[in-house]
Amino acid sequence: MTLRKIAGPGALLSLAMPGLALAEETVPTLNAGDTAWMLTATALVLFMTIPGLALFYGGMVRSKNVLSVMMQCFAITGLMSILWMVYGYSLAFDTTGMEKGVLNLNSFIGGLSKAFLAGVTPESLTAAFPEAVFVTFQMTFAIITPALIVGAFAERMKFSAMLIFMAVWFTLVYAPIAHMVWSGDGALMWDWGVLDFAGGTVVHINAGIAGLVACLVLGKRKGYPTTPMAPHNLGYTLIGAAMLWIGWFGFNAGSAAAANGTAGMAMLVTQIATAAAALGWMFAEWIGHGKPSALGIASGVVAGLVAITPAAGTVGPMGALVIGLVSGVVCYFCATSLKRKLGYDDSLDAFGVHGVGGIVGAILTGVFAAPALGGFGEVQDIGMQVWVQAKGVIFTVVYTAIVTFVILKVIDVVMGLRVNEEEESVGLDLAQHNERGYNL
């Protein structure tokens with residue numbers, strides 16, 4: 001069965017919900033192999049946040065803040081899981097009122113017919129596996145996206161304010177963007193023809209731009225950039241990066257939603273792009289600073305994973321190689337030279353890696369998805385597809401930036417966003433959680 005070729009995880013809802021156009025009429029039947037793969041992929045994506053992202057971020061902060069970052073990742077995992085069950089899945093994937101080429105409210109946000117997972121039973125299917133598995137798979141995307149934002153404001157936001165911000169941001173930003181990109185005919189960016197196989201726009205640009213806005217609104221950490229703020233445990237960061245690398249195969253290959261050739265190619269190009277980005281960052285740093293660093297190669301790994309995400313279902317090996325190399329070098333520049341020049345305090349480079357890497361990947365998807373350049377998409381006019389990709393990027397950047405700014409400003413007025421100077425000096429582990437990461 002073919003929907004828009006290699007359209008991404010949202011396309012599969014056409015088989016589970018009314019409202020999306022099918023290329024052919026077929027009654028879905030359960031496939032044990034596809035089900036087993038999707039169960040595995042779902043666990044891999046959750047593994048990316050806990051413990052992968054928790055360790056990756058936890059190692060990069062100072063020792064007095066290690067628990068706060070890990071706590072935020074765990075709390076976001078719990079909060080997003082419940083919000084996804086209550087209304088998030090419905091807002092993202094309810095297709096009621098949607099029609100191809102028709103622009104209405106449902107082009108921007110879903111309804112509530114699936115609230116509290118109404119109608120999701122052991123028998124209901126998405127494609128050839130249980131809808132319950134699809135719900136959980138997409139839940140893990142909804143978990144990691146806000147968790148990525150933590151890296152931008154690490155070491156200075158109140159835990160209570162963080163929870164409120166994440167809940168509102170998930171509702172007003174993540175769910176609508178996911179709906180517009182992935183929910184099928186009638187959705188805004190779907191009808192534009194934006195290619196986002198596994199979340200370059202929905203996850204990474206979305207989180208990266210939100211992170212940039214958050215770090216600007218909160219302001220710099222006390223002492224930044226004159227006070228040394230070196231990572232306290234790069235071993236944690238390397239372990240976390242390794243977990244992200246492995247878990248990302250669930251993220252990208254899982255978005256094929258079947259144990260098939262698309263999943264296999266997505267796995268291959270993910271590995272190639274990630275390796276190329278790691279080397280690209282490493283050599284750029286080596287040339288620029290005289291020595292390659294462990295933090296640099298770990299950051300390069302994530303940059304490559306991010307950049308290949310929107311392209312994983314449509315590009316071939318050579319396209320993946322180029323995407324990886326370009327993302328590694330560009331993200332290195334943005335996370336170092338550009339950040340220093342502009343002076344913003346993106347603590348753990350959420351924007352420099354995820355925002356920039358997502359934009360690079362989204363634009364280059366329009367190039368390398370073309371069969372003429374070894375891709376597997378339906379791109380015949382590369383220039384037109386690059387414009388479509390750019391339009392999706394621009395819309396996401398503007399929408400996310402404006403709504404994120406408003407959310408943060410309202411929360412700041414109501415309850416305050418930032419811990420006081422004394423709490424920041426003591427560290428958020430003690431100030432917010434009354435615990436220490438290390439009792440020596």
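Predicted model: local features only at pLDDT ≥ 70, side-chain atom pairs only at ≥ 80, totals over all residues.
Residues are numbered from 1 along each chain as its sequence is written, and side-chain values use heavy atoms, without hydrogens or water. Local features need pLDDT of at least 70 and side-chain atom pairs count only at pLDDT 80 or more, while totals for chains, interfaces and linings use all residues.

Start by selecting helix 6 (residues 200–218) and helix 11 (residues 350–368), whose axes come within 8 Å and cross at roughly 145°. Helices (H or I, at least four residues) and strands (E, at least two) are DSSP runs, numbered from the N terminus. Axes are lines fitted to C-alpha atoms, for helices over the stretch in contact, with angles from 0 to 180 degrees between N-to-C directions.

Now show the side chains. Among the residues that meet are His204, Ile205 and Leu212 of helix 6, and Phe351, His354 and Ile359 of helix 11; contact means heavy atoms within 4.5 Å. The residues of this contact divide into seven nonpolar, six polar and no charged. Here Ala, Val, Leu, Ile, Met, Phe, Trp, Tyr, Cys and Pro count as nonpolar, Asp, Glu, Lys and Arg as charged, and the others, Gly among them, as polar.

Turn next to the backbone. Select Ile50 and Pro51, joined by a cis peptide bond with omega about 15°; Pro51 is in helix 1 (residues 32–60). Then go to Tyr224 and Pro225, where the peptide bond is also cis, with omega near 5°. Pro225 lies in the loop between helix 6 and helix 7 (234–253).

Last, select Phe116, a residue other than glycine with a positive phi, near 55°. Phe116 is in the loop between helix 2 (66–93) and strand 1 (125–126). Most residues other than glycine have a negative phi, and most peptide bonds are trans.
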